[in-house]
Amino acid sequence: TSIKKVLYKTDSPCLLGTPTRSFIGKGHDTDRNFKIRSTVYYVAAAGVLTVGLSYAAVPLYRMFCQAYSYGGTTSQGHDAEKVESMQKVKDRVIKVKFNADIGASMRWNFKPQQTEIKVVPGETALAFYSAKNPTDHPVIGISTYNVIPFEAGAYFNKIQCFCFEEQQLNPHEEVDLPVFFYIDPDFIEDPKMELVDSITLSYTFFESKDGMNIQMPVYAKKHG
């Protein structure tokens, strides 16, 4: 599958009623952002008029995520109703750090667009990675991820990501890869998380080859 470059707006309606932070790298085209923002407004308006404001959150969330997905996976395990109704734990700030690696044979350039962000449990957040194929040939990649500390992975929920599915980049093509996530509010109830104030999300891209077997983390299997 070919990837199309997609830019996410800061006030994404992917979850109506749930505060969302968006962290976008520098240098994006203002006109392109304006067009995307206008499109999102039209989608939101159409959804509200069709099903009513009180019932629009879930359909709009699905429409938006599907419309702007380009081969990325959406976690099947997260509870949409829980996401829309969960409360932020404002007095527990968690620093989320981002790391990027590539396999030995992978020819892409791959990096996070932000070093770290601060979120609280119960708050959705949007971060970005960048991938570029600097070669003169198409390259197909596939990624996996890890969460450190490992125990925190059970509470790190990715609503949308780009892992575990093949992504093709054409020669010299560059794309933005979003990670839309939240930390489950149950995080604060776990005694093992009492002293955890920093979580690292690490992605690794490999060049996709026949017979390749990418192992999903245990907590990813639980989520989806």
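Visitor: In which strand is the place of Thr204?
Guide: Thr204 sits in strand β11. Bear in mind that this is a predicted model.

Visitor: Why is Thr204 called buried?
Guide: Its relative accessible area is 15%. Buried means under 20%. The value for Thr204 falls under that cut-off, so Thr204 is called buried.

Visitor: What is Thr204 in contact with, beyond its neighbours within four places in sequence?
Guide: Contact requires heavy atoms within 4.5 Å. Asp101, Ile102, Gly103, Ile142, Ser143 and Thr144 are in contact with Thr204. Asp101 is also the bridge partner of Thr204.

Visitor: How do you know that β3 and β11 pair?
Guide: Pairing takes at least two bridges. β3 (residues 94–102) and β11 (residues 198–207) have eight, in the parallel sense. Therefore they count as paired.

Visitor: What makes β7 and β9 a pair?
Guide: They share three bridges, in the antiparallel sense. At least two are needed, so the pair qualifies. One of the bridges joins Val139 to Leu169 in β9.

Visitor: And what about β3 and β5: in what sense do they pair, and over how many bridges?
Guide: Antiparallel, over four bridges. Lys97 has Glu116 of β5 as its bridge partner.

Visitor: What is the strand order of the open sheet?
Guide: The order is β5-β3-β11-β7-β9, five strands with mixed pairing.

Visitor: Why are β5 and β9 called edge strands?
Guide: β5 (116–119) and β9 (167–169) each pair on one side only. From one strand to the next, the twist averages 30°.

Terms used. Residues are numbered from 1 along each chain as its sequence is written. This is a predicted model: local features need pLDDT of at least 70, side-chain atom pairs count only at pLDDT 80 or more; totals for chains, interfaces and linings use all residues. Side-chain values use heavy atoms; hydrogens and water are left out. Axes are lines fitted to C-alpha atoms, for helices over the stretch in contact, and angles run from 0 to 180 degrees between N-to-C directions. Buried means under 20% relative accessible area, exposed over 50%, partly exposed in between (1.4 Å probe, protein chains only).
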